[in-house]
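Please read them with the structure open beside you.

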Amino acid sequence: MAIDRRREAAGGGPGRQPPPAEENGSLPPGDAAASAPLGVRAGPGGGSGEIQPLPAPHPAAGGPHPGCSSAAAAPSLLLLDYDGSVLPFLGGLGGGYQKTLVLLTWIPALFIGFSQFSDSFLLDQPNFWCRGAGKGAELAGVTATGRWDAGDLANWTSPPTTPFSTASWGAAGNLSNGSGGDGGDTPPLPSPPDKGDNASNCDCHAWDYGIRTGLVQNVVSKWDLVCDNAWKVHIAKFSLLVGLIFGYLITGCIADWVGRRPVLLFSIIFILIFGLTVALSVNVTMFSTLRFFEGFCLAGIILTLYALRIELCPPGKRFMITMVASFVAMAGQFLMPGLAALCRDWQVLQALIICPFLLMLLYWSVFPESLRWLMATQQFEAAKKLILHFTQKNCMNPESDIKGVMPELEKELSRRPRKVCIVKVVGTRNLWKNIVVLCVNSLTGYGIHHCFARSMMGHEVKVPLLENFYADYYTVASIALASCLAMCLVVRLLGRRGGLLLFMILTALASLLQLGLLNLIGKYSQHPDSGMSDSVKDKFSITFSIVGMFASHAVGSLSVFFCAEITPTVIRCGGLGLVLASAGFGMLTAPIIDLHNQKGYFLHHIIFACCTLICIICILLLPESRNQNLPENISNGEHYTRQPLLPHKKGEQPLLLTNAELKDYSGLHDAATTGDGLPENATANGMKSM
């Protein structure tokens, strides 16, 4: 038969057994030829897996995939298998030097946590009244934090240090709905004045403010950003978010091209320059412009530290290391109110937030480049020096190199570096789909978080506990903390894909029930015999909002972490930048709606609720990355494909052919055109029965 002859020509004899059927998306083990690219082989049920070499392609199967390097030009498998050979040679995470480096990625998370939540204090919109009228006089205006307008509900507009500290930055913004946290110093909020009253009350040339965040003066009170100038507050919040979005996109591409370390160090230098200059701003325009550049540099620090942390860890400890960093960032969130009360002035607070980054200047001498990135981009000369540096720091014996990493490295020193840009992902078949799915998940998770926050703190829910700035702040922070703790358990039990799917389903249910069930309750509450009151509706609204904030925080966090694991090392920062920028776009909808006085809020919620349903379907297309080696190049990422949620039963055949089985049919049509003597009853699936 022609199929048998092709199998023999590929290297197997007549008695050679066909390769065993693998799970959908996994790869069969091949001959360990030094010129073959790598693939990811999944364990049973899509669980733990390992890097396995792919069999050399059949000549009739055509050339390599456009996004993959040529097999003849690939370096030794031993060097490309970083998690299986290089990392164990260095002692994994057990080496003292590696532990020190991981600790150095945790410490800045506290400083970044301060920067993340600074907008909540610098740009909090206080109550205000005409100077000289006295505190007991009627307020000249009720800000967006008033009980009758949720306004600035979700504008903790700082992006995530880690994927687990992100949801709170989208929902923890000025959530207060009542009197300030100063007790009796600020008057109670009146009912909303009509438009005419507002116009007359704003005819004032000097204001007194009731700031509730522990500061004596903030940006709003310094430049009187109230009444006709209130829109400038939202522009100031835009500036940091837009800077973060551009920073993620640009610094991600640069970090894949020149390395993680240079981007980290230059970002530290410039955030010190721009961040300290923000404290010296003379007007709100200068403040907003400098905040844009501060956000740009902050994005570079967040992105590179996150990538370095992932690339230092072995497969079984990546999630734990990332979770610790997220909890350190949350510590900054919890400590921020005390820091504001200690500083009392917004300029001192801004300087105190930025000054700790001075300590990170020492990273130039103590923090090396990512060894994994050097190996993946074939910079073997620099990689050799760094490996020797690691062995010296860990006091290791070079003779412990059982697998022969150093001899193989010596053979490849003459190779030219091969760096890749994120745009190469466009030519791939599977990788771009995975990244797009995670971008949509991130956008949806962060975008809908604002909707849940506004519903919980909006004018329709009057809860005394939530009428205080600090109660609002710590409520949202506690929800984020509970979400991270739940993620630890869920991801351990269900894996990355299963956990993401579960939290997305919870988000969709909370959103749909809040949109549909609450309207139904409101309709029946109008009937006197229904037994339902507005308080019942409020309680349901609070419950669904808490569940939605809890789940959407986890969705956004896991989307970023998932992307870091399935994106190849050569373009990891670029992929992370895309997902984090998508998160920024999701959060950008909150200040936009606030700027338009909450117009379009309901449509905003409807759109993101529909997106959650689409995301539930798309998550099923993602691979499972738990306990699997990180893909190093685009070829690895291409074969990092979907496995079934449930393992196959014993003896059950998969519905889809594996790559090895597809190769058996790759030259069938070519053989038919050249007339190689196929029988008349031969078909693509074998022999046709007579």
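1. For the angles below, axes are lines fitted to C-alpha atoms over the stretch in contact, and angles run from 0 to 180 degrees between N-to-C directions. Please keep in mind throughout that this is a predicted model.

2. Helix α10 (residues 260-278) packs against helix α11 (residues 284-312) at an angle of about 150 degrees, and their axes lie 8 Å apart. Because angles over 145 degrees count as roughly antiparallel, α10 is described as roughly antiparallel to α11. The crossing of α10 with α11 is left-handed, and their contact comprises 16 nonpolar, five polar and four charged residues.

3. Helix α9 (residues 231-258) also packs against α10, here at an angle of about 135 degrees and with the axes 7 Å apart, which makes α9 oblique to α10. On the α9 side the contact is made by Thr251, Ile254, Ala255, Asp256 and Val258, while α10 contributes Arg260, Pro262 and Val263. Sorted by class, these are five nonpolar, one polar and two charged residues.

4. How do α9 and α11 meet, and at roughly what angle do they cross? Their axes come within 6 Å and cross at roughly 35 degrees, and the crossing is right-handed. The residues of this contact divide into 17 nonpolar, nine polar and two charged.

5. Helix α12 (residues 318-343) deserves a separate look. With its 26 residues, α12 reaches 37 Å from its first C-alpha to its last, which is close to the 38 Å expected at 1.5 Å a residue. After the helix comes arginine 344, whose phi is positive, near 70 degrees.

How values were computed
Residues numbered from 1 in each chain as written. Predicted model: local features only at pLDDT ≥ 70, side-chain atom pairs only at ≥ 80, totals over all residues. Heavy atoms only, no water. Helix = DSSP H or I, 4+ residues; strand = E, 2+ residues; numbered from the N terminus. Parallel < 35°, antiparallel > 145°, perpendicular 65-115°, else oblique. Left-handed = near helix turned anticlockwise from the far one by under 90°. Nonpolar A, V, L, I, M, F, W, Y, C, P; charged D, E, K, R; others polar. Expected span 1.5 Å × (residues − 1). Contact = heavy atoms within 4.5 Å.
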